[in-house]
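Please look at the structure first, then read the points below.

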Amino acid sequence: MNLIKPAALLVAATALAAGSTVAATAADDPDGTRVTGLQQKAEQVLADSPKPLRVTVDAVEYRGLTVTDAPKTLGARDLACDYGHLCMIVKGTKFDFYKCQTWNLTNWTGDGPFTNNQTPGTVAKFFNKDGSVRWTSRAYDAGTATWDPIWSLRPC
């Protein structure tokens, strides 16, 4: 008999009440902390935290963005990023953008690898607090960026 722990039920009930789908089971996430931990990490750097479409033990999926935990020792050349995507690591969390829109950010500090694997010539723009362009990346491009302070980005 497989018993579901109360913490896992609480995570599932909270996520369902918020309108998201929890695809984790008690066996995948015995104490319920990893699901909420990853989502909390995503919300710490996404301003106006969008409502996730789906939350699993491995990812938080938004419209146009997937957030996962990143390996501790990962450089830009090692950062797997699907074709048509802009990927980066901020504070140990991988952000995989694939929708052309402006994303408002907060708490983007430190350095981290990025890969702009969008269609050739696509320009990703990273903005200052006042909306001016801080820097750009033309696909294909990969390297290490200094995130502080980046207040918004537009992958395309």
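In this predicted model, Lys-41 is in contact with Asp-69, Gly-92 and Thr-93, leaving aside neighbours within four places in sequence. The chain also has two disulfides. One of them links Cys-81 to Cys-87, and another joins Cys-100 to Cys-156.

**Lys-41**
- Lys-41 is part of helix H2, which covers residues 33-45.
- The relative accessible area of Lys-41 is 29%, so this residue is partly exposed.
- Lys-91 is 50 residues from Lys-41 along the chain, yet their C-alpha atoms are separated by 8.5 Å.

**Cys-81 and Cys-87**
- The sulfur atoms of Cys-81 and Cys-87 are 2.1 Å apart.
- This link is right-handed, with 85° about the S-S bond.
- Cys-81 counts as buried because its relative accessibility is 12%, under the 20% cut-off.
- Cys-87 is also buried, at 0% relative accessibility.

**Cys-100 and Cys-156**
- The S to S distance between Cys-100 and Cys-156 is 1.6 Å.
- The torsion about their S-S bond is about 90°, so this disulfide is right-handed.
- Cys-100 sits in the loop between strand E6 (93-97) and strand E7 (103-104), and Cys-156 in the segment after strand E12 (152-154), so the pair ties together parts that are 56 residues apart in sequence.
- Cys-100 is partly exposed, with a relative accessible area of 45%.
- Cys-156 is partly exposed, with a relative accessible area of 26%.

**Pairing order**
- With the bonded cysteines numbered in sequence order, the pairing is 1-2, 3-4.

Terms used: Residues are numbered from 1 along each chain as its sequence is written. This is a predicted model: local features need pLDDT of at least 70, side-chain atom pairs count only at pLDDT 80 or more; totals for chains, interfaces and linings use all residues. Side-chain values use heavy atoms; hydrogens and water are left out. Helices (H or I, at least four residues) and strands (E, at least two) are DSSP runs, numbered from the N terminus. Buried means under 20% relative accessible area, exposed over 50%, partly exposed in between (1.4 Å probe, protein chains only). Contact means heavy atoms within 4.5 Å. A disulfide is a pair of cysteine sulfur atoms within 2.5 Å.
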